[in-house]
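Student: I am new to this structure and would like to go through it slowly with you. Could we begin by looking at it together?

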Amino acid sequence: MQQNQTEIRHDWTEQEVQALFDLPFNDLLFQAQLVHRQFFNPNEVQVSTLLSIKTGACPEDCKYCPQSGHYNTGLEKERLMQVDAVIEKAKKAKASGSTRFCMGAAWKHPADKDMPYVIEMVKSVKELGLETCMTLGMLDEGKADQLADAGLDYYNHNLDTSPEFYDKIITTRTYQDRLDTLHHVRESGMKICSGGILGMGETATDRIGLLRQLANMPKQPESVPINMLVKVAGTPMENVEDLDHLDFVRNIAVARIMMPQSHVRLSAGRESMSDEMQAMTFLAGANSIFYGECLLTTPNPETHRDLQLFKRLGINPEQRISEADETQEQTIISDLQKQKDSSVFYEA
Ligand code: SF4
């Protein structure tokens with residue numbers, strides 16, 4: 001791999017980001033590829049599985065979200081899953097080639113009574129040799145420390161959009177609440193997964209504002225999910241205007257250039273993208289996807305289609321785990337290799 005040359009910057013101005021968006025499409029993608037290749041293997045995509053461990057009846061009013069208790073979307077509400085059931089799902093995810101298992105609960109914040117279960121889930125999933133990620137709503141310092149002590153690798157908490165557009169989308173928690181949670185996560189030593197949603201009626205300036213918030217953090221998030229709004233009937237966003245798919249690809253490319261070391265993840269909305277558009281997003285620097293299990297409550301493209309696309313593009317799942325000792329890492333890599341050899345990845 002080439003020597004890293006691109007500097008990680010935390011002082012992006014609106015004008016500088018606008019200038020990236022103003023580049024001719026081919027120039028932008030070329031620049032994104034140059035940056036991408038300094039930090040990552042361009043033919044590897046990190047694969048995560050996301051499981052909703054507690055669905056629906058969320059007290060927050062995020063206008064895009066079918067899980068909000070404020071809207072009637074017909075979503076079946078569920079209680080917190082049993083730990084054993086979560087472990088079974090994690091085993092399947094590992095067998096399908098995922099290296100990270102993300103668990104999401106539709107909560108304002110985790111309640112004290114739920115913490116022992118959540119902590120057991122983290123410990124059990126880690127014992128399988130998977131990276132762990134959770135998204136449980138807001139965290140105070142104490143709960144962030146508890147999760148970090150349990151061994152949680154990543155915490156997901158999205159900024160969603162720019163500070164200026166934010167109160168058009170959510171009124172039950174503030175932008176500062178979100179920044180505070182991210183601060184507690186970072187202080188606890190966990191890695192941050194934070195991104196946003198495009199296509200909610202925000203302006204181009206709002207998209208710049210979101211990327212600046214993420215890139216200009218003292219330490220950039222290790223994972224940056226870029227979602228494309230899934231318009232769910234019953235939510236206030238069901239009729240919002242469609243986002244131009246090329247604008248989405250531009251956003252991926254600009255995110256890649258601004259956050260060279262972060263995994264830029266295709267998240268919700270991927271099922272509505274053609275294979276060709278997904279290929280273009282990989283070219284623009286996206287290098288992480290959710291795979292298999294439903295992406296929280298929005299449909300994820302069928303596993304089979306993902307495998308076919310990887311095969312057609314010559315993409316391999318990234319074999320990367322955090323803080324594992326060498327032996328454990330070798331075992332997992334060899335497990336994954338066996339799966340590949342038995343065509344799980346390419347011939348499913
Ligand atoms: S996005 Fe998260 S916090 Fe907002 S309503 Fe949905 S589950 Fe609740």
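This is a predicted model: local features need pLDDT of at least 70, side-chain atom pairs count only at pLDDT 80 or more; totals for chains, interfaces and linings use all residues.

**Reading the model**

Student: What is the mean pLDDT of the protein chain?

Tutor: In the protein chain, 86% of the residues reach a pLDDT of 70 or more. The mean pLDDT of the chain is 84.

Student: How many helices and strands does the protein chain have, and what percentage of its residues count as buried?

Tutor: Helices (H or I, at least four residues) and strands (E, at least two) are DSSP runs, numbered from the N terminus, and the protein chain has 11 helices and 10 strands. A residue is buried if 20 or more other C-beta atoms lie within 10 Å of its own, exposed if 12 or fewer, and partly exposed in between, with C-beta atoms placed from the backbone. Of the 348 residues of the chain, the buried part is 47%.

Student: Why is strand 7 described as largely enclosed by the rest of the structure?

Tutor: In a regular strand the side chains alternate between the two faces of the sheet. In strand 7, Ser223, Pro225 and Asn227 on one side and Val224, Ile226 and Met228 on the other are all buried. Strand 7, residues 223–228, is therefore largely enclosed, its buried residues being 6 of the 6.

Student: Which residue of strand 8 stands opposite isoleucine 226?

Tutor: Strand 8 (residues 263–266) pairs with strand 7 in the parallel sense over 4 bridges. The residue of strand 8 that stands opposite isoleucine 226 is leucine 266.

Student: Which helix makes a β-α-β unit with strand 7 and strand 8?

Tutor: The unit is right-handed, meaning that, with the strands pointing away from the viewer, the path from the first strand over the helix to the second runs clockwise. Strand 6, helix 7 (residues 204–215) and strand 7 also make a right-handed unit of this kind. With strand 7 and strand 8, the helix, at residues 245–258, is helix 8.

**Two single residues**

Student: Is leucine 147 buried or exposed?

Tutor: Leucine 147 lies in helix 5 (residues 141–150), and beyond four places in sequence it touches Val122, Met134, Leu152, Tyr155 and Met190. Because 25 other C-beta atoms lie within 10 Å, leucine 147 is buried.

Student: What separates the C-alpha atoms of serine 98 and valine 47?

Tutor: Serine 98 is in the loop between helix 3 (83–95) and strand 2 (100–105), and serine 98 counts as buried, with 24 C-beta neighbours inside 10 Å. Serine 98 and valine 47 are 51 residues apart along the chain, and the separation of their C-alpha atoms is 5.1 Å.

Note on methods
Residues are numbered from 1 along each chain as its sequence is written. pLDDT is the predictor's confidence in each residue, from 0 to 100. Two strands pair if DSSP finds at least two bridges between them. Two residues are in contact if their C-beta atoms, placed from the backbone, lie within 7 Å.
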